[in-house]
Each structure stands twice: as C-alpha cells, then as structure tokens.
Amino acid sequence: MQYLDGEAMRNALKNGVQRVIASQDGLNKINVFPVADGDTGTNLALTVGAMGAVLREERTPLHALLAGAADALLDGARGNSGAILAQFFQGVSDTAAELTKFSAQTFATAMVAGSTYARDALSEPREGTILSVIDAFADALTASVGKAAHVDFPTLIDHGLGAAEKALSHTKNQLAELKKADVVDAGAKGFVALLQGIQAYIKTGETVDEIAIPEGAADAIMAGEDQDLEYRFCTECIVTGDDIDRRKLREALSQLGGSLVLAGSRHKAKIHIHVNEPDHVFKLAREYGELTGEKADDMHRQQHTTHADSRNIAVITDSAADIASADMDALDIHFVPLRIQFGEQGYLDKLSISEREFFDELARNPNHPTSSQPSPGDFRRQYQFLASHYKHIVAITLSSKVSGTHSAARNAAGRITGSDIHVVDSRNATLGQGLIVREAAEAATADATIEDVLSRVDHAINNTVTYALVSDLTYAVRGGRVPKSKKMIADLFNLNPVLMTNEDGSVGSGGVILGRGNRLKKFVRYLAKKIGTEREVRIAVGHANCEADARELERDLKATLPNCIDTYCTDVCAVFGVHGGPGLVVVSVLFR
C-alpha cells in the first residue's frame, strides 16, 4: 500500500476508534494522572465515538473526511486526553487541507503538524503523557521517510507504532504518579490503541462494520489512590466566534486553574480546565464568543467512586433534588445539572450558579429566568462513567409531570447496552425528591441488593409529600404560572398559597394560610394536621434565601411532632425557585 485515500483512511480510523472503545474499561482502571478519577477510558471512548457519523459516510475525499473528523472531535472531546486528541486531529486536518490522498511523506508531515498542535494546546505540557507518545510516533515516521526514497504504509506504520509503544512503556518512569501506581499513562495507551487499530487495517485489511460503544461494569481494582485535589471540577465548554484570540484566552484561563487544554481554531475553541469555580470559566469564555457544551464534572466525587471498595450500586439524580451537601458527599450521590437561563446568560444549576447566587440574581435581573432539562447526552456521559465502576445504576428524576428530565434520563439509558440502569420517576421535586434519593443511597451504602434498593425507593415514592408556602406570587406571575388576577386576590385578602405534590407527581393547590402575621406558626399547625403522629416521619426543610425562617420552621416541627425521627435543612433548588421566588419555604415529609 503506497497511498491512503479517503476511503482507506476512513476504514483505518474506524478500526482505530473501535480499538479505543474496546479498551475503555482497561484505560479507566489505570487512570491516575492528572487525577485518579477513573474516567480517561470513558472520555476517550466518547471523544473518538463522536467521529461515528463522519466515518459512516462513504467515498468522502481525504481532506473533507479529516476536516469533518476534526470538527466532530472538537465538539465531542471529553477530558484532558480527549481535548489533546482533538487538537492533534486539527493539526492533521489543517495540513491535509488540499490533499485527496496521503503518501508516506505527506502522512508523516501531517502527523508532525498534529503533534505540534497538540503540544501547543497545553499551557504546561508534561512529558510521560499522551504528548510524549504522539511525539514519538511523529518522529519515527519522519525518520522512516527520510531514510528511504520509497517506503510503503505497512512498513511506515510498523516503525511509528513501535516507537509509540516504546514511548508508552517509558511513561511510567517519567511521572511520579505513574511510577508509584506502576502503570503507564492511560491517555497515551488510548492513543496507542488508536494506532493499533489503524495498523490492523493497513497491514491486513481488517475492518469493522459499525462503531458501537460497549458498556459494562468493571470489577478490577483501580490503580492509584484518593488524592487531595487542588481543583474540584473538570470544566469544559466550546466557544464559537469570528476571530478568537486563543493566546489571550489561554493566558486568561491559566489564571483560573490547572490542567488547561485549549484546542480548536480561530473560529471554534474547546476549553478543558480544572477549577473550583466553573462559572468563572464560562463567564470568561463568553467574552470571546458564543458558548455551548458547558459541563463541570465533580472530580472529588468521581475519585471517591473510583476507589470505593464495596459498592455495587450507584445512585444518580438531577439537580432538582435538594439534599444537604454533606449527605451528597457522604452517600456518594451523583447528579446531572438542569440548566438555568437569564436572558442570554446560561448556567448549570448548582455547578456554575449556587442556590443563593440564583436568588440574588432573580431579585435584581430584569430577565425572568427559565429552566430546561438536561439533554440525554448529559445523562449518557454520567451513565458511562458510572457503568465502568458499578454493576447497577439507579437514576431518580424530577417528576415527569413537571419536567422532561425523566424522559431525557430514560432516553439516555436506552442508548447504553450491557448495563443495568433503572430510571425511576420520583413523582416529586426539590426536598421530596431529595428524601427519596437519600433512601436509595443509604440502602446502596449498606450493601443492599438492587431489588431491596428499588423496593425501598418505591415505598418512599408512595409515601413522600412536599408542601411549599409561597410568600409572594410575583415570580409565579412573571413565569406565566399564575394569572395576575389571582395575585391581586391573594394580596387583597392577605392569603399565603400552599402548594403540594399529588400522587401522580403533579403540583397543585394545598389550600391557603390566612394572614401575613405568624405565617410560619400557622404553617406548622397546617403541617401537623396533615402529617399526624401515627407514623414515624423524616422531614426536610428548604428555603429560598430565608434560612432563618427555615431554621425556625425546622425547630417548631421537631417540637410539635414527636414522631419525627430525622430532619435536615438546606437551600431550595433554582428550578423550583424560578416560580416560588425569594422567601419561599418548603417542607417534605417521608412517612416510614
């Protein structure tokens, strides 16, 4: 084989992509750098899998194939190594912009350009990573074409892959984290897997019919150990603009955190960075163009998940569930954020905007916010990570009667094969949803079977009710949920509306409390009648920027209800607060 045209390159890449995907679990197990969070394999599988649509198109010219692949990789890049790989392909594509086929010489030149692009994407490149292996591969190709007037592709790829494999084995001696864990770099090994697939096609004609991502729990011990993380969130987004000054953007981003990779071009850039404040990244990025694809993964929770000893069941929910942050950490509860939009300004709920920041913004921003469900892709990414570490996943969502979140979670689960994912409609919201999620997580932590966990969840769903006392209908009117006439009546007669969840998961009227004076005492009496003293209850109390009211409410309920065995108090999520506004107090009750 003397040349690689578009069709040959397509088949070679399909092989390489499938090799990376098949290596997913093994790569996760040896992921210790830069953070031992066990997701490099999943991230690389998602990244290269993004090329699927491009690689299904037959008879695409080489330059168009590479341009499409580079763009798909940039959009789909996940994690540090994924972003570097995307930038590598950007360099390859730019160099091959006019080519219809690769000769050995032009192939080597393109790989060198890819290597240069990849290294330039990092503010602080480190040896012993995927960069070292990419460099070794490109250098070996250059040496091969320089030694002979003519070299065929099987010989060329053999030389390049041999050098890459040698560089891979050396990575464990280049980074202290790898040497301590006695493993090679996971991202570098993923790149070698890509090359091995390409080699198989070039030497034997081996091809794959379709790219499919296999999912399944890994049961091997993970390399590395929990670390004290300087930065908590692995943050990513895409910036699209007319002329992005990537140098200035890189300099500004480098002040915010570590592990920065800036991939892409003047018109589209992919940001990957580890920070403690994801919103600072998104705010800065918006100064350079339109922002899409925002995500922030909690590496602290991922790392804990990676090295958990005995858990078989992962519990995940969405950000509409209100649970005390200490319980989220202690019970290893994962979540997918909903999105909040103030005009053109968007946020990831509880990640790029906290509950209190939301209510502050609600009070001063003339644009009334809207909330939107996560995409199926948001859930799918989390499922894929969890499926590589747990045998079962229980996803408990916001009521399907008030949001499409449940549908998104189900759609994502349906696209993942080989994993035991149970998507459950909580038929509740905010604190009620949180109580149900806690029941599941407590059972999972106690090593209950999946059947027992689901049974406990089912009982909790059928025995949990949420009540909300609204002090001001202004925000419900702004959001179109309540007509102005009803607000006028409530204001005229000093009525405090009470909302409550119904058995089918809808939210309806629970009556009214008369008079503005002593409204919390009246609310306690209202709740005491509803709850009674016959059954033990767990109670959660939430508030919208009125913690003192919530603490008073919690104390009075505990004093009034001797059957209350447990309480916690926390902020109410932005999704519920969009319509309730500041001053809202919420009480959820789980009957045992």
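Two strands are said to pair if DSSP finds at least two bridges between them. Strands (E, at least two residues) and helices (H or I, at least four residues) are DSSP runs numbered from the N terminus. The structure described here is a predicted model, in which local features need pLDDT of at least 70 and side-chain atom pairs count only at pLDDT 80 or more, while totals for chains, interfaces and linings use all residues. Residues are numbered from 1 along each chain as its sequence is written, and side-chain values use heavy atoms, with hydrogens and water left out.

Four strands make up an open sheet with the order 8-7-12-13 and parallel pairing. Strand 8 (333-336) and strand 13 (420-425) are at the edges with a single partner strand each, so one side of each has no neighbour in the sheet. From one strand to the next the twist averages 25°. Strand 7 (residues 313-318) is joined to strand 8 by four bridges, and within this pair Ile316 stands opposite His334 of strand 8.

Two helices lie across strands of this sheet. Helix 19 (residues 430-445) lies across strand 7, strand 8 and strand 12, at about 170° to strand 7. These angles run from 0 to 180 degrees between N-to-C directions, with axes fitted to C-alpha atoms, for helices over the stretch in contact (heavy atoms within 4.5 Å).

Buried means under 20% relative accessible area, with a 1.4 Å probe and protein chains only. Val585, Val587, Val589 and Phe591 point one way from strand 19, whereas Val586, Ser588 and Leu590 point the other way. In a regular strand the side chains alternate between the two faces of the sheet. The pairings of strand 19 are set out below.

| Partner of strand 19 | Sense | Bridges |
|---|---|---|
| Strand 14 (residues 464-469) | antiparallel | six bridges |
| Strand 17 (residues 537-543) | antiparallel | seven bridges |

Tyr467 has Val587 as its bridge partner in strand 19, and Val537 has Phe591.

**Nonpolar cores**

A nonpolar core is a set of buried Ala, Val, Leu, Ile, Met, Phe, Trp, Tyr and Cys residues joined through side-chain atoms within 4.5 Å. The largest has 76 residues, and Phe88 and Phe191 are among those with the most contacts inside it. Helix 11 (residues 186-204) gives the most to this core, with 10 residues. A second, separate core of 73 residues includes Phe342, Phe358, Ala429 and Cys573.

Conventions:
Buried < 20%, exposed > 50% of the residue type's maximum accessible area, 1.4 Å probe, protein only.
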